[in-house]
Protein chains: 2
Amino acid sequence: MPPTHNTAPTQYIEANGIRYAYRRFGAGDQLPLVCLQHFRGGLDNWDRLVTDGLAQNRSVILFNNAGVASSEGDPADTIDGMARHVIAFVEALGLEKIDLFGFSMGGFVAQNVVLDRPKLVRRLILAGTGPEGGEGMVGYPELATRHATQKVPTEENFLYLFFYPTDSSQAAGRIYWTRRHEREDQDMPSSMEAMAAQVKAIAAWGAVPAHDRYAKLKKITLPVLIVNGKTDLMVPTVNSFILQQHLPDAELIIYPDSGHGGIFQFPARFVREATTFLDRGPREAL
Amino acid sequence: MPPTHNTAPTQYIEANGIRYAYRRFGAGDQLPLVCLQHFRGGLDNWDRLVTDGLAQNRSVILFNNAGVASSEGDPADTIDGMARHVIAFVEALGLEKIDLFGFSMGGFVAQNVVLDRPKLVRRLILAGTGPEGGEGMVGYPELATRHATQKVPTEENFLYLFFYPTDSSQAAGRIYWTRRHEREDQDMPSSMEAMAAQVKAIAAWGAVPAHDRYAKLKKITLPVLIVNGKTDLMVPTVNSFILQQHLPDAELIIYPDSGHGGIFQFPARFVREATTFLDRGPREAL
């Protein structure tokens, strides 16, 4: 059996004196897809239905940034610092061209990777995320903050933050929570130090700039697929629309009855849409 | 050969003393799909790649509202009046349950059909459209108005109003324009009287209400697929996002590099997405 989300070993690679943790599985003709995770998330915060689905015709690489979960080093406290770790990691793997998938804070990092190394990335998927200085991206409501900052996040925290307050979405969230714990050797949780560094990075990224809001997005000229749930409590859904409107070549899908974790609520649909986006040829093939 | 977009005869049916023109083609297990057209548009303003695609597993019904192109009667000068004509027409056909597809002004009418006859419609597709009292839906720019109100709209008018000012979108627009004229017995153009009535209806629909903006959308509880191009000059694209956010069970797709006529720029993709939406079972199958 080739390795899958649940069986691929955690591997380590060193660059810039840091030992980065990652997992790699899948194979096929398409470019490797590097996946960047959300606030505090590690290798096991992904969903095997998403990652194994995407790995049907490509290599999928899950990555822990410096100081996050099983990666060593000091956690970066800027989004740009996290992007530099991604670039160092990808270069250490010897990859010259990748597709990139950023979820939530990982989407912030992914945008900066593209800005820093435009030739490294062919296509970009952004889920549950937003632009630098977007709408309502600082000053989280107290309840959301409480759910997001527990020392060991629980199912209840994830159901609140990632799913919609309907029976159908909450039920999908519980099934996701079960899937997410199937793997036996779970990645270690991220430290409170990593959380503090990420809080600082996110606050700076979310601050509305004094001028040229969204101007950087014009420089991200590659094809981008943007996906979100209807009501995202972590990165308000309007930011997905803003990304689509300001990026030169972006398309947008918003799922019904869902929240920040829409891609974990509708994994089969997301895999179908992401695969179509990644695999297609020129625009005519849309 | 079974009838297609280009070969289905124009038929007529009488209700309320009005002789409505329509065409019907396709067959299959799914509910009939009734298609409601844009400002001034008649039976030949659809795109065979869209309509024949949708007709692969259902009956597709194209409809001219009263006084529009080959339909007789006085053109309604309210969106609600147009919705009543749709209901009379559907009842005259003996259909008890339909799926409904409204494009642009047809999307306004489709929303009112659902509000008036919630049990008549199972699923709804809204393309290039917006809610009553949406954003920037009155006071069209002078240039757009000039392109939209020519006595006989030209290819140049459609390229400006329906497609995006890039080479790729304009090229897709020219190919659409050729497809749209393939049928030999073209529907007659709509009269200037029909245009005047529709202008009045659209202006009233677009006006921002003094209170309870978007409140009616909560009553449209059926599943809705919303689709638009990136920059819609006729019904600004933000209205598609507003619809998705306020309708209880809606999903949104925004295409890249496109305008009001995004569904005519990416017909194969739209057919795939619309068919998936119309044909799927319960939410779990997403």
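Tutor: Start with the network itself. A:Glu251, A:Arg280, B:Arg269 and B:Glu273 are joined by salt bridges into a network. Keep in mind that the model is predicted.

B:Arg269 and A:Glu251 form a salt bridge, with their closest N and O atoms 2.5 Å apart. This pair crosses between chains. B:Arg269 sits in helix H10 of chain B, residues 267–279. A:Glu251 sits in strand S8 of chain A, residues 250–254. Are the two partners buried or exposed? Both B:Arg269 and A:Glu251 are buried.

Now widen the view to the whole interface. Chain B and chain A have two salt bridges across their interface. Eight residue pairs are in polar contact there, both residues at pLDDT 80 or more. Three elements of chain B each give at least two residues to the side that touches chain A: helix H8 (238–246), strand S8 (250–254) and H10. The largest share comes from S8(B), with five residues. By class, this side of chain B has twelve nonpolar, four polar and eight charged residues.

The extent of the contact comes next. In chain B, 24 residues are in contact with 24 residues of chain A. The two chains bury about 2,200 Å² between them. Carbon and sulfur atoms carry 54% of that area.

Next, the symmetry. Two copies of a chain are related by a rotation about an axis and a shift along it. Here, a rotation of 180 degrees with 0.0 Å of shift along its axis superposes chain B on chain A. The RMSD is 0.0 Å. The two copies are therefore related as by a two-fold rotation axis. Which residue of chain B comes closest to that rotation axis? B:Ile253 does, with its C-alpha at 2.3 Å. The interface fits this picture: 100% of the interface residues of chain B are also interface residues in chain A, so the copies meet through the same surface.

For contrast, look at salt bridges inside a chain. The structure holds 32 salt bridges over all chains. One of them joins the side chains of A:Arg122 and A:Asp99, at 2.9 Å from N to O. That pair links distant parts of the chain, 23 residues apart. A:Arg122 lies in strand S6 of chain A, residues 121–127. A:Asp99 lies in strand S5 of chain A, residues 98–103. A:Asp99 has 0% relative accessibility, so A:Asp99 counts as buried.

A further pair lies within chain B. B:Glu72 forms a salt bridge with B:Arg19, and their closest N and O atoms are 3.4 Å apart. This pair also links distant parts of its chain, 53 residues apart. B:Glu72 is in the loop between strand S4 (60–63) and helix H2 (79–92) of chain B. B:Arg19 is in strand S2 of chain B, residues 18–25. B:Glu72 has 42% relative accessibility and therefore counts as partly exposed. B:Arg19, at 34%, counts as partly exposed too.

Back to the starting point. The side chains of A:Glu251 and B:Arg269 meet at 2.5 Å, N to O, and both residues are buried.

Terms used: Residues are numbered from 1 along each chain as its sequence is written. Chains are lettered from A and ligands numbered from 1 in the order in which they are written. This is a predicted model: local features need pLDDT of at least 70, side-chain atom pairs count only at pLDDT 80 or more; totals for chains, interfaces and linings use all residues. Side-chain values use heavy atoms; hydrogens and water are left out. Copies are superposed by least squares on the C-alpha atoms of residues with pLDDT of at least 70 in both. Contact means heavy atoms within 4.5 Å. A salt bridge is a side-chain nitrogen of Lys or Arg within 4 Å of a carboxyl oxygen of Asp or Glu. Helices (H or I, at least four residues) and strands (E, at least two) are DSSP runs, numbered from the N terminus. Buried means under 20% relative accessible area, exposed over 50%, partly exposed in between (1.4 Å probe, protein chains only). Buried area is the accessible area (1.4 Å probe) that two parts lose on being put together, summed over both. A polar contact is a pair of N or O atoms within 3.5 Å; within protein, one must be able to donate a hydrogen and the other to accept it, and residues adjacent in sequence count only if both atoms are side-chain atoms. Ala, Val, Leu, Ile, Met, Phe, Trp, Tyr, Cys and Pro count as nonpolar, Asp, Glu, Lys and Arg as charged, and the others, Gly among them, as polar.
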